[in-house]
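Visitor: Hi! Could you walk me through some aromatic residues here?
Guide: Happy to, let's have a look together.

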Amino acid sequence: MEPLQEFHGIIATLVADDNAVREAGEAKYNEVPLPSRILYLYQLAVEPSVASDVRDMSLVLLRRLIADKYDDIIAVVPTEFASIKEQLIQSIGTEQTASVRKRMTDVISDIARQTIDDNGIQQWNTVIEFLGHCATGERADLREVAMIIIENVPNVFGINQNQHIEDIKLMFQSNLQFDSPVVRSAAVRAYVAFVVDNEDDAVLVRHLSTMVPDMLRVCEHVATTDDEDDVPLQCMIDLATTVPKALAPYFRPIFELCLKTAGNKDKDDAYRQSSMEILVSLCETAPALVRKQAAAFIEPLVQQCLSMMTELDDDISEWISIDDAEEDIEEEIVSLGETSIDRIACALGPKPVFPPAYNVIRKYISSENWMERHAGIFGLSTIGEGCKRQMEPHIREIVVDALIPMLKDAHPRVRYAACNAIGQMSSDFGPTLQKKCHEVVVMALLERAVDLSCHRVAAHALAAFVNFAEDCPKAIITVYLDRIMEKMQWILDQTFNELVANQKKIVLFQVITTVASIADSSQEHFAKYYTPLMPPLKYILSNSSTEELSELRGKTIECISLIGLAVGRELFAPDIPEIMAELNKPTHSAKDDNASYVIAAWARICKVLREDFAPYLDTVLPTVLKHANFSPELSLLNVFSDEEENEEGWDVVDVGESRLGIHTAGIEDKNTACEMLVCFAREMGTAFAPYVEKVAEFMEGELKFVFHDGVRQSAAEIFPHLFAAVRANGPEYRRNLWSRVYPQLLDALSSESDLETAGEFLFSIGCCIEELGREVVSPQDVLLAIQVITTQVRKYETRRLDRERDSKDDEQDEETQEELKDIIELETAILGRVSDLVHCLFTAFKESLLEVFDPIVQSFAELLKPNRTFQDRQWAICVFDDLIEFGGEGSAQYQAVFVEPILNALSDPYPEVRQAAAYGVGLMGMAPNGIYNRFLAGGIQHLMAMIERPDARTTEEGTVATENAISAVAKILKHSNAVDKNLIIPTFVTWLPVWEDTEETPYVYDFFCDLVEENHPAVLGENHSGLPHVVNVILQVFSHEAIDDTASDLAKQTKQRLAAIIKVLSGNKDLFEAVLQQLKLNSNLQHVLSAILAA
């Protein structure tokens, strides 16, 4: 048999249906030498008498060889392959079989890609000539071939493409206007691929953008006929996401076409989705341009999104029957409208979006059509994130007037939508919504939750409770605890019986989650419900080990552990052995679905037991390490394969000519396990010492785990806790471990691209240094840390300058400035971590750090300048605060750099800056030997002006800043003789009480106690007229838990002194009674007073 004939037979087996035949054929094919393979594949591919499926396969295999072994091919058959290239060009012109012609086109494309040399020059001139000939010829099939080659290899013309640019433009124009729809569609794909490939060449893109109208006509044709698919519209999406400015002159026809197509209910969903995606992408990539040049279309665009959200199925039987909160019916157009309006609101901002959206929403909510009511409610909650600034001032009106009535709507899907909206907005607008609307929201949700006539609505009401509770202040939720828990226990009983009777589970699963969330929010106040709840929960836990009840078991594990963490050790500890035994039992489920629940529960129990968790660790740690040690499966997928990797849990990344499939299922469990290792090390302290070496070695290997930021963050976070755990092992052991870990942290930081993760590396390095101190950390280690600080500030500066340069090139408006603020906030977070590292260095080395401080002073001095962002100024001041606090008298050598900027910052418009500055001035007041006294007289005047500014307490940040200023005044008056105290004290007393900043309240009330104990007339007043204020201040301190007496000795002593003042005053019964009569205490303050006197 001739070799070619034999090879023909081998290729024929590769297209056989029988797997065994194909496998045998593959083995034989791989045995054929490369030179022969190349020649035989080409000969079969161009021979018309060979079956088309064999020819197709031959071309597919030839293409793979060219992609994978091009250098080998031109090394072993250079002359033959040169001939093959030219003959392919000739063959495609005479090829009659469409599938073979398509495969030939792909092969030519790949050769053209390979023949671009390292300098970017296209060495295969024939292909460029071929493109020009085909693209302007008479034959539609060859025009299509030319366009496909350009689509496949947009850089086919090489680095010298500008020499051909007019010819290229003519090719595109000629084919975009050709009378064949197939050619026009191919031209659109090629044109877009070419433009996108050259997106960085603004001149070229602008030159080619004149053909957008031609492309629009192709899009209009496919949108108004049924002749073709929606590919041209999809290509327009690519332009919208990469070169939106090129489309700006054509916004009107683009918006008109896409709005018309998106609103055409008779058109296939794919066209409607692509049309909407074009407009949403433009909003996201060019928001300022859209707001400026397409303002007239924003309202109809928003209206179209809301209209899409009304396209619901009137038959709700399938919707009602769903018994799994994770499932829902497919309503693609509804989902498209919802996600689109969300993205538009976030992109364009509230001003252009909220008014038109709210007009339609109000009309929909009052409609007699349930679908419109449903759409209106979902629309309201969906725009919340993007329109927060516009909506938050009216949140009570929106919730009480628009949403709460909908919870009683006759239609279950509308009630469900109202529950969903309240839950979503509780997250988007928390805790404002909780503070302003709690009295109506809690009772309304409870009413829906206990109505089990529709399980989906009841479950969603309970789910909304989770969102509400997460951001609800403890003082608010505890008011309703009795009523909430009465209903929760009833629902738990009812739905458990339903599970047993008819397998209905959706409400039971959700009520368990909701109880856990309420416990987490109310903490110690949940203790009274522990005894009635724990037995049924333990019963569920011990009887839910089957695969069908796996999810119930997981949620019960979560609930039990969260309740235990909330109520604390005294109540929870007796049940822990039984619960741990249950958690460690093997289940009858084939899947390990509850691993993350179990590991998280172990961590919570560890938080309760702390070092007493040690007896369980030998059992627990192997499982945690097993999940933490997960490595994702990687699969190299051929780029030419017609099969896509669609399995759940797989991500596909393009890598050169191949696709890398990453099996991500298991990565989240790995992340959870790594977080739990951090928890064990942190909570158990020295009891974790036996496991430090093993865990340290493992976590070192995770510092560069590229597939999940959280894993790398946990790997960094754990090391300070590991060093703390082995304090008893002595400095030599810790020094050896540090010498191994520190270089790896530095190396991981140097290659880290995620800013948040880089920040965690910086924080870890700082905390390690603070923990180990000068006993372990060498001077060379300190110098390396200083280099890290310098490098990070330099990188930050580079990013800042790039950002500012880019922003100058973009259209700017008010909304763009808001977007820029968000970016700056993310960027400047790294400065916060740099500041933390400086703080840790100062904490460990005190004034001796000044020996190496010089290299970084100027970097932070630059950040103090008035033209810098408020975050720059804030974090720079924090660094100089540390210098003042820990640098001793030596800090004064830098006073010319920081004193004036800090004093000026007391009147900064941003409260974050004022807070940092006030703290620094307070530290100046406490500095040794009065080294800053000459600045304090002016400083205290600035502080008083800051405290009394009109917006001093209008925001949470402003309140904290103001209380820092009050604390700073207290520190100056107590520790410095720079000012006349008696002139300030009468005003100081009027600023009390304060309770928000618990780090500063001990200093405030320490000085306050001094004044009371010395009977200062400005405090006690004439004839004891100031005593009611004194008593009220102290009671408010205790009522708001303003002093954490576990935080420091000063806090503990100050709280004791305050209580002692009350007890001393109560000794004079007549006087004390008169004070109380004047105060007219409410029930809460009466309870506080009784607790103080009884202690």
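Guide: Let's begin with Phe 898, which is buried, with a relative accessible area of 0%. Buried means under 20% relative accessible area, exposed over 50% and partly exposed in between (1.4 Å probe, protein chains only). This is a predicted model, where local features need pLDDT of at least 70, side-chain atom pairs count only at pLDDT 80 or more, and totals for chains, interfaces and linings use all residues. Residues are numbered from 1 along each chain as its sequence is written, and side-chain values use heavy atoms, with hydrogens and water left out.

Visitor: Is Phe 880 buried or exposed?
Guide: Phe 880 counts as buried, at 0% relative accessibility.

Visitor: OK, and how many aromatic pairs are there?
Guide: The structure holds 28. Rings of Phe, Tyr and Trp (its six-membered ring) pair if their centres lie within 6.5 Å; planes under 30 degrees apart count as stacked, over 60 as edge-to-face and the rest as tilted.

Visitor: Why is the pair of Phe 255 and Phe 297 stacked?
Guide: Their ring centres are 5.3 Å apart and the planes are at 25 degrees, so the pair is stacked. Both Phe 255 and Phe 297 are buried.

Visitor: What about Phe 880 and Phe 898?
Guide: They form a stacked aromatic pair, 5.5 Å centre to centre with 25 degrees between the planes.

Visitor: New topic: what lies over the face of Phe 763?
Guide: Arg 833 does, at 4.1 Å from the ring centre. A charge sits over a ring if NZ of Lys or CZ of Arg is within 6 Å of the ring centre and within 35 degrees of the ring normal.
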